[in-house]
Amino acid sequence: MINFEYIRASSVKAAVDALAKNPTGKFIAGGTNLIDLMKRGVTAPTRLIDINDLPLKQVEETTDGINIGALAINSEVSENELIKNNFPLLSMAFAAGASAQLRNMATVGGNMMQRTRCSYFYDTTMPCNKRQPGSGCGALQGHNRMHAIFGASDKCIAVHPSDMCVALAALNATVSISGPKGNRKIPFTDFHRLPEDKPELDNTLQKGEIITGVLIPKNNFNKNHYLKIRDRASYAFALISVAAALEMDVDTIKKVNIAMGGVAHKPWRMTEAEKFLVGKKATRENFSKAAELAMKSAKGYGHNNFKLKMAPIAITESLMIATGIV
Ligand code: SF4
């Protein structure tokens with residue numbers, strides 16, 4: 001057991017200041033991932049800064065869309081009428097994530113900050129560049145069934161495990177951040193990063209920064225579907241997931257956003273497939289062609305080669321279910 005200090009912050013500024021005073025500290029909210037990581041010895045913060053008292057639990061309508069606080073609880077956001085009516089894709093993604101017990105504890109900010117579930121990352125007897133930079137990657141030549149097919153590097157082939165984040169990437173959300181240098185906003189698709197030669201960094205947060213919320217802009221998506229393929233329907237991380245949001249004018253696609261989960265170190269937007277589909281009819285043939293374009297840069301690592309066949313079927317299927325042509 002490691003010793004650590006525990007404090008509660010009463011404002012965002014107090015939380016940021018508390019971390020600045022102890023850079024090896026960590027913020028804790030629901031704790032649904034961090035406590036596991038501490039128990040397994042993957043991380044050992046010397047200070048836990050409890051942020052549950054911060055006024056960041058809102059789900060509120062703004063002139064531009066919806067503002068969700070970083071401490072809003074996953075199950076409450078999922079069931080919120082504003083979300084269900086305006087962003088059904090997000091509601092579906094939440095419902096597909098984790099278990100009811102975890103959804104009742106987990107926060108929106110924590111969901112974004114959760115770490116990969118690569119088994120080598122959690123096993124401190126094994127090499128892992130993400131846990132211990134320079135130690136190697138156990139998964140590259142090891143058991144990599146759950147791992148990435150897009151955007152991986154020779155340092156890390158892990159995937160981001162969130163469902164919520166896949167929907168937020170498809171919905172063009174923006175992340176609100178506070179830190180020692182003030183407040184800033186970044187596009188959701190720029191929040192998580194690819195592993196490149198620094199797999200220890202999951203995201204683009206700067207030192208001492210905290211997520212304060214997520215803004216989702218209004219949209220005219222009238223067809224939405226979140227498809228999640230996993231080993232157990234009750235509770236499992238995605239082998240592959242697809243968030244599909246379309247704005248249809250009768251049977252013609254005016255706009256479409258597609259993101260995948262379970263396939264990369266970050267939610268993976270399929271911009272080439274999106275461009276191809278704009279102005280096209282919603283047909284199986286067009287969706288299959290879009291899926292083919294989306295898969296152009298995919299690469300398997302052995303045990304996960306099945307994803308190369310499963311992913312295009314999942315993309316096609318999700319688009320077909322969203323548009324009701326199945
Ligand atoms: Fe670690 Fe990434 Fe390799 Fe998994 S895939 S062992 S997280 S470096």
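Terms and values

Analyst: The structure holds three cavities of 30 Å³ or more. The model is predicted.

User: What makes a space a cavity and not a pocket?

Analyst: In a cavity a 1.4 Å probe fits but cannot get out, whereas a pocket is an open set of points. Rolling a probe the size of a water molecule over the atoms shows where empty space is left.

User: Which residues lie nearest the centre of the largest cavity, and how does its lining divide?

Analyst: The lining has 17 residues, and Cys118, Cys128, Asn129, Cys137 and Cys156 lie nearest the centre. The lining divides into 10 nonpolar, five polar and two charged residues. Cys counts as nonpolar under the rule used here.

User: Which residues line the second largest cavity?

Analyst: They are Gln114, Arg115, Thr116, Lys130, Ala158, Val159, His160, His192, Asp202 and His265. Two of them are nonpolar, five polar and three charged.

User: What is known about the second largest pocket?

Analyst: About 270 Å³ of space lies in that pocket. Its lining has 19 residues, with Arg117, Cys118, Ser119, Met146 and His147 nearest the centre. Seven of the lining residues are nonpolar, 10 polar and two charged.

User: Why is the contact between arginine 47 and glutamate 5 called a salt bridge?

Analyst: The closest N and O atoms are 2.8 Å apart. The cut-off is 4 Å between a side-chain nitrogen of Lys or Arg and a carboxyl oxygen of Asp or Glu, so the pair qualifies. Arginine 47 is in strand S3 and glutamate 5 in strand S1, 42 residues apart. By this rule the count comes to 18 salt bridges.

User: What ties lysine 228 to aspartate 163?

Analyst: Their side chains meet in a salt bridge, 2.8 Å from N to O. Lysine 228 lies in strand S9 and aspartate 163 in the loop between helix H8 and helix H9, so the pair ties together parts that are 65 residues apart in sequence. Lysine 228, at 14% relative accessibility, counts as buried. Aspartate 163, at 6%, also counts as buried.

User: What makes tyrosine 6 part of a surface patch?

Analyst: Patch residues need over 30% relative accessible area. Tyrosine 6 has 43% and counts as partly exposed, so it passes that cut-off. Its place is in strand S1. Ile2, Phe4 and Tyr6 form the nonpolar patch, with about 250 Å² of accessible area together.

User: Which residues of helix H5 are buried?

Analyst: They are Leu89, Leu90, Ser91, Ala93, Phe94 and Ala96. H5 is followed by alanine 98, which has a positive phi near 50°.

Terms used: Residues numbered from 1 in each chain as written. Predicted model: local features only at pLDDT ≥ 70, side-chain atom pairs only at ≥ 80, totals over all residues. Heavy atoms only, no water. 1 Å grid on protein atoms, 1.4 Å probe; cavity = no way out; pocket = protein on both sides within 12 Å on 5 of 7 lines; lining within 4 Å. Points joined across faces, edges and corners; volume = space filled by probe spheres on them. Patch = residues over 30% accessible without salt bridge, like charges linked within 9 Å, V, L, I, M, F, W, Y side chains within 5 Å. Areas by Shrake-Rupley, 256 points an atom, 1.4 Å probe, with all protein chains shown as cover. Helix = DSSP H or I, 4+ residues; strand = E, 2+ residues; numbered from the N terminus. Buried < 20%, exposed > 50% of the residue type's maximum accessible area, 1.4 Å probe, protein only.
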